[in-house]
Amino acid sequence: MPSPSHFPVMLAESLEYLAIKPEGTYLDCTAGLGGHTSAIASRLTAGGKLISNDRDAESLEMARVNSAEWADRIEFQHGNFSELRLSGLDGLIADLGVSRYQLTSGPRGFSFQAEGELDMRMDQSQGQTAADLLNYSAEKAIADWLYQLGEERRARKIAGAIVRARPIRSTLHLAGVVERASPRTGPLHPATRTFMALRMVVNREQQELDALLERAPRMVKPGGRIVIISFMSLEDRKVKESFRELARTKHALILTKKPLTPGEQELRDNPPSRSAKFRAAQVLESK
C-alpha cells in the first residue's frame, strides 16, 4: 500500500511535553500515518515500548510501513478509544485531527470534492454509513447534528434540502444538494460543515473523546504525561474542562495554562495545522 506524505502536527511540542523516557511505555492513541509513532519509537531503547492504536485499519497499516525501522519497539493495535484497556503508561498522545489522506480519498466518503460512496466510517467493519444516516433519519435529527456538531447556522434549510433529495447517493450528490440550498458566500465550501458534522456522528467522535478523557488518568501512572491535540472548538473545550477537573481534584497538573498553537514555520510547512490546539497535563495520582 503506498504511503502518502505526512506532517505530524506539533511534533516538537509533543516530544517535549511527553518527556520520553528511553525505557518507558507509551501509547499513541491515534497512529494516523505514523508520524508521532515513529518519532516516539525512535527515542526508545530496546527496553521501551510504544502501543500504536488507530480505529482506521488502512491508516494503521500505513503507520506500520512508515515506522518499520522501529518495529521491535512498537505494538500496533486496532480499536476505538472506548476499547483501550491499558495501565502503567508513562505517557499517551492523541492527535484528534483527520488525516489529509482520509479527507482527500474519494472511496472513503469524507471528501466533498471527490466522487465516492457516502461512507465516512473510520472503521469500515462497524456501524452505519453516512448514507444510512442521511437517508433514514428524521429531518430534525439531521438539522440538530449540523447545528450542534458542525456549528452550521443554516442547518434547518440544509436538512430540509437533504430530505427532499433523498436517497442521497454519493459524496458529490450530497455536496451539490448542500451547495444549492446554501450557496457559497466566502472561502469555505458550503458543504464543509455538513460533511464534518456527519463524520462526527458516524464515528461517534464526541462519545469516543469522552471515553478517552475518562480513561486516560487511569491508564497513565503518576508522573506520566497526557498530550492531546484538537482541531475543533467542541473538542478543545472538552479537553480543557477535563484537565481542569483533574487539577481541581489533585489528580493532575496542567502543563499548558493556555493551549499551544503551531509556530510560523509549521504553518508554512503544513497549513492544515493552523487550527490545532495543544494541551498537556501530568498525572499526579491515578484515578
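**Helix packing and salt bridges**

In this predicted model, helices H7 and H8 cross in a right-handed sense. H7 spans residues 155-165 and H8 residues 171-181, and the two pack at an angle of about 130°, with their axes 9 Å apart. That makes them oblique to each other. On the H7 side the contact is made by Lys157, Ile158, Ala161, Ile162 and Ala165, and on the H8 side by His173, Leu174, Val177, Val178 and Ala181. Sorted by type, these contact residues come out as eight nonpolar, one polar and one charged.

Turning to charged pairs, the count comes to 15 salt bridges. One of them joins arginine 108 to glutamate 58, at 3.4 Å from N to O. This pair ties together distant parts of the chain, 50 residues apart: arginine 108 sits in the loop between helices H4 and H5, while glutamate 58 belongs to helix H3. Arginine 108 counts as buried because its relative accessibility is 2%, under the 20% limit. Glutamate 58, at 26%, is partly exposed.

Arginine 73 counts as buried at 17%, whereas aspartate 72 is exposed at 60%. Finally, Lys21, Asp90 and Lys221 are joined up in a network of salt bridges.

How values were computed:
Residues are numbered from 1 along each chain as its sequence is written. This is a predicted model: local features need pLDDT of at least 70, side-chain atom pairs count only at pLDDT 80 or more; totals for chains, interfaces and linings use all residues. Side-chain values use heavy atoms; hydrogens and water are left out. Axes are lines fitted to C-alpha atoms, for helices over the stretch in contact, and angles run from 0 to 180 degrees between N-to-C directions. Helices (H or I, at least four residues) and strands (E, at least two) are DSSP runs, numbered from the N terminus. Angles under 35 degrees count as roughly parallel, over 145 as roughly antiparallel, 65 to 115 as roughly perpendicular and the rest as oblique. A crossing is left-handed if the near helix is turned anticlockwise from the far one by less than a right angle, and right-handed if clockwise. Contact means heavy atoms within 4.5 Å. Ala, Val, Leu, Ile, Met, Phe, Trp, Tyr, Cys and Pro count as nonpolar, Asp, Glu, Lys and Arg as charged, and the others, Gly among them, as polar. A salt bridge is a side-chain nitrogen of Lys or Arg within 4 Å of a carboxyl oxygen of Asp or Glu. Buried means under 20% relative accessible area, exposed over 50%, partly exposed in between (1.4 Å probe, protein chains only).
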